[in-house]
Amino acid sequence: MAESQLPDDRVIVERLKKELAKSEPSRRRRIVEKFVLAALGSIPWIGGFLSAAYEYKAEEGTLQQDSLQTQWLEEHQEKISALRVTLAEIQSRFKSLGPEIEDRIQSQEYLNLVRKAFRTWDEADTEEKRRYVANLVTNAAGTRVCSDDVVRLFIDWIDLYHEAHFAVIREIYQYPGSTKFDIWSAVYGDTPREDSAEADLYRLLIRDLSTGGVIRQERDTNALGQFLRRRPQKTGVRRQAPSTTESAFENTKPHVLTELGKQFVHYTMNEVVTRLREDAERSGG
């Protein structure tokens, strides 16, 4: 069927597929089309937007520029443009990974990850989260450090956590062994009162990441990687119990990422990993 004979929504999808795959060999083009269709098919409003755009074009002489439909179309047109850019960037990064990833990116297991990831991309309310999704989708194609089950967990983390959580993760990744005081000082600056909303929020961030298995307090291990119990120091002097609870900005207990947390950073925060690697190379590390 010729493109002009297709329903209007399919015409736009076909054009998007061809635009992203036009420079690829025929086999690579089919693979890219599978990827694009998986991404587009996971976003529920795509079909409605295309239909509404067609109706708007047919009736634009009778519609007011400030109508609700016009505003809805304008908002989603921006998101369509952002989606186009994201898909093009991922495709470009696929090229740098070489032809050995072709079997992977057309597998049903990977396409299922793409569908889940782009549902999260669509629901993300910041560019930062959308960038993490794009990084994850690309790295999941070329890196098999984690199983697909773990990659799905990482997608859930992107959806669940806020940018404030990611700021804490980045700081601990860059400076392992940071205390809660170190992290707060680096990310936010001056220390607020213990009974402030800021302190309450910070406790929540640390608790979320700790219970979620992303960060933990640094602990010694034996040769088998088993965590050693902390033995209380005996001084022979009976000490009076402190009169206040532990500070939200405690400054003696170092924190590190869990191994799962480190893998999350490697899959999603390319710019942080690359910068630290370049810094290490410049310093001869």
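Tutor: We will go through the helices, their packing and a few single residues, term by term. This is a predicted model, in which local features need pLDDT of at least 70 and side-chain atom pairs count only at pLDDT 80 or more, while totals for chains, interfaces and linings use all residues. Residues are numbered from 1 along each chain as its sequence is written, and side-chain values use heavy atoms, with hydrogens and water left out.

Student: What makes up the secondary structure of the protein chain?

Tutor: The protein chain has 13 helices and two strands. Helices (H or I, at least four residues) and strands (E, at least two) are DSSP runs, numbered from the N terminus.

Student: How do you know that Met-269 is buried?

Tutor: Buried means under 20% relative accessible area, exposed over 50%, and partly exposed in between (1.4 Å probe, protein chains only). Met-269 has a relative accessible area of 0%, so Met-269 is buried. Met-269 sits in the loop between H12 and helix H13 (270-282). Beyond its neighbours within four places in sequence, Met-269 is in contact (heavy atoms within 4.5 Å) with Tyr-132, Asn-135, Phe-166, Ile-169, Arg-170 and Phe-264. Met-269 and Arg-170 are 99 residues apart along the chain, yet their C-alpha atoms are separated by 8.3 Å.

Student: Why is Leu-37 called partly exposed?

Tutor: Its relative accessibility is 43%, so Leu-37 falls in the partly exposed range. You will find Leu-37 in helix H2 (residues 26-41).

Student: And Val-256, is that buried or exposed?

Tutor: Val-256 is buried, because its relative accessible area is 9%. Val-256 belongs to strand S2 (residues 255-257). From C-alpha to C-alpha, Val-256 and Ile-172 are 5.9 Å apart in space, although 84 residues apart in sequence. Setting aside neighbours within four places in sequence, the contacts of Val-256 are Ile-172, Pro-176, Gly-177, Ile-215, Arg-216 and Glu-218.

Student: How much of the protein chain counts as buried?

Tutor: Of its 285 residues, 39% count as buried.

Student: What makes H7 largely enclosed by the rest of the structure?

Tutor: Of the 16 residues of H7, 13 are buried, so H7 is largely enclosed. H7 reaches 23 Å from its first C-alpha to its last, close to the 22 Å expected at 1.5 Å a residue. That expected span is 1.5 Å times one less than the number of residues.

Student: Why are H7 and H8 called roughly antiparallel?

Tutor: Axes are lines fitted to C-alpha atoms, for helices over the stretch in contact, and angles run from 0 to 180 degrees between N-to-C directions. Angles under 35 degrees count as roughly parallel, over 145 as roughly antiparallel, 65 to 115 as roughly perpendicular and the rest as oblique. The axes of helix H7 (residues 127-142) and helix H8 (residues 148-160) cross at roughly 175 degrees and come within 10 Å. H7 and H8 are therefore roughly antiparallel. In this contact, Lys-129, Tyr-132, Val-133, Leu-136 and Ala-140 of H7 meet Val-151, Phe-154, Ile-155, Ile-158 and Asp-159 of H8.

Student: What are the angle and relation between H6 and H7?

Tutor: Helix H6 (residues 108-123) packs on H7 at about 175 degrees, with the axes 9 Å apart. H6 and H7 are therefore roughly antiparallel to each other.

Student: What makes H7 and H12 roughly perpendicular?

Tutor: Their packing angle is about 95 degrees, and their axes are 7 Å apart. H7 and H12 are therefore roughly perpendicular to each other. The contact is made by Tyr-132, Asn-135, Leu-136, Asn-139 and Ala-140 of H7 with His-266, Tyr-267 and Thr-268 of H12.

Student: How do you know that the buried residues of H10 are on the same side?

Tutor: In helix H10 (residues 180-187), the buried residues are Lys-180, Ile-183 and Trp-184. They cover an arc of only 95 degrees around the axis, so they share one side of H10. The arc is that of the directions from the helix axis to the C-beta atoms. Helix H9 (163-174), helix H11 (197-211) and S2 are among what covers these residues.
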